Amino acid sequence: MSTPSWSPPDVSQEGATLETFILEGMFKVDGATGAFTSLLNQLCLAAKLITTRVRRAGLADILGYTGETNVQGERVQKLDTLANDLLIATLKRRGHCAAVATEELPEAVFFPESKGSYLVVADPLDGSSNIDVNISIGTIFGIYRCDRSQGLPTTESFLRPGSEMVAAGYVIYGSSTVLVLSTGNGVHGFTWDPSAGEFFLSHENIRCPRRGNIYSINEGNAQRWTDGVRSWAAHLKESAPEQGLPYSHRYVGSLVADAHRTLFKGGIFAYPADLKSPKGKLRLLYEANPMAFVFEAAGGAATTGTERILDVVPTQLHARVPLVLGSVEDVALYQRLAHGTTAP
Ligand code: AHG
Ligand code: MN
Ligand code: MN
């Protein structure tokens, strides 16, 4: 009697776990040491630790404010601090991260004992104003290679254009927790399965539509905008069905949530410079750059309105920039109407 050929049981209907996906990516890179893979897995662990806290925030007395203000001059939420501490503690382990710069700390944190060849930038908890009202928030991160031939990294090691990042992504703590990651070769989404304690591949090769029909901007700032931004917004509200107008307006107030919707549905997100924020509100290193990296890898676009975000060279860790993200056609229209420029 022939013995039946054994095949592994189909233990899960879901895709690969994030770890498996990262590892399989490593196998395709000749000479890979596993350090980058291990660092990405550390970021994945940080996302797991933060998501478990976020999901219980109302029960574990970690809502509300700490009473402090951070380097941004913003009131610090308990969850901001917790996420920041968890992220730094996780990155310190395994010795792949040489230093990390986050929104919550005035200076970067250096790990001199690390032999690591990577730098991490992060917004540990994005959308803080939405924490206590249970609206989607997130974590944003970017990874640079660190040139150790020049000795230990310094703050200047972080002052590089976003185009030099080797990976970037974000975690959105929404109706489900989704980690979106790009290592420059496509953009992929992984959904957290709490019953398995793993992120599973759920959105392979995410592409940003070339045009959408949603615009996302804080209309409450309209009186502070330039005339160009006002004329762009007015154009999107015109009744011209033959041009696909008017657009719908959606604004969550968490960059991660507004960007995630724009990445999937297309359209445009804009936080332009205005009278109150003459350089824009959002931070280049750990908000604009990682999002720009993801959008460009997904076939979208990201600009200050006059310059590609990933080309901007930061002058300091917490530099702010105007940020316009979205479908290539929508971003080009913004540049034309708001700044009279053409897409780069
Ligand atoms: P953070 O909570 O990390 O400080 O980020 C908040 C940012 C960003 O998430 C969002 O797009 C923007 O602030 C919203 O600003 P307004 O409330 O001024 O619209
Ligand atoms: Mn933020
Ligand atoms: Mn933040």
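User: Before anything else, what does "exposed" mean here?
Analyst: A residue is called exposed when its relative accessible area is over 50%, buried when it is under 20%, and partly exposed in between. Please note that this is a predicted model.

User: Good. Is Asn134 buried or exposed, then?
Analyst: Asn134 has a relative accessibility of 74%, so it counts as exposed. It is found in the loop between β5 and β6 (137-145).

User: Now the overall picture. How many helices and strands are in the chain?
Analyst: The chain contains seven helices and 15 strands. Of its 344 residues, 54% are buried. Among contacts with a separation of 6 or more, 64% are between residues 24 or more positions apart.

User: Turning to the metals, which residues hold the manganese ion (ligand 3)?
Analyst: The protein donors of the manganese ion (ligand 3) are Glu103 (OE), Asp123 (OD) and Leu125 (O), which lie 2.2 to 2.3 Å from it. Along the chain, these donors follow the spacing E-x19-D-x1-L.

User: Where do Glu103 and Leu125 lie?
Analyst: Glu103 lies in the loop between β3 (97-102) and β4 (109-110), and Leu125 lies in strand β5 (residues 118-126), so the pair ties together parts that are 22 residues apart in sequence. Glu103 counts as buried because its relative accessibility is 4%. Leu125 is buried as well, with a relative accessible area of 1%.

User: And what are the protein donors of the manganese ion (ligand 2)?
Analyst: They are Asp123 (OD), Asp126 (OD) and Glu287 (OE), at 1.9 to 2.1 Å from the ion. Their spacing in sequence is D-x2-D-x160-E. Asp126 in strand β5 and Glu287 in helix α6 (residues 284-297) form a pair that links distant parts of the chain, 161 residues apart.

User: Why do Asp126 and Glu287 count as buried?
Analyst: The cut-off for buried is under 20% relative accessible area. Asp126 has 5% relative accessibility, so it counts as buried. Glu287 has 1%, so it counts as buried too.

User: Which residues make the contact?
Analyst: Among them are Leu39, Leu43, Ala46 and Ile50 of α2, and Leu79, Leu82, Ala83 and Leu86 of α3. By class, the contact has 13 nonpolar, two polar and one charged residues.

User: One last item: which residues does the cis peptide bond join?
Analyst: The cis peptide bond joins Leu245 and Pro246, with omega about 5 degrees. Pro246 is found in the loop between α4 (227-236) and β12 (248-249).

Note on methods
Residues are numbered from 1 along each chain as its sequence is written. Chains are lettered from A and ligands numbered from 1 in the order in which they are written. This is a predicted model: local features need pLDDT of at least 70, side-chain atom pairs count only at pLDDT 80 or more; totals for chains, interfaces and linings use all residues. Side-chain values use heavy atoms; hydrogens and water are left out. Contact means heavy atoms within 4.5 Å. Helices (H or I, at least four residues) and strands (E, at least two) are DSSP runs, numbered from the N terminus. Ala, Val, Leu, Ile, Met, Phe, Trp, Tyr, Cys and Pro count as nonpolar, Asp, Glu, Lys and Arg as charged, and the others, Gly among them, as polar. Donors are N, O and S atoms within 2.8 Å of the metal (3.2 Å for Na, K and Ca); water is not among the atoms, so sites may look incomplete. Buried means under 20% relative accessible area, exposed over 50%, partly exposed in between (1.4 Å probe, protein chains only).
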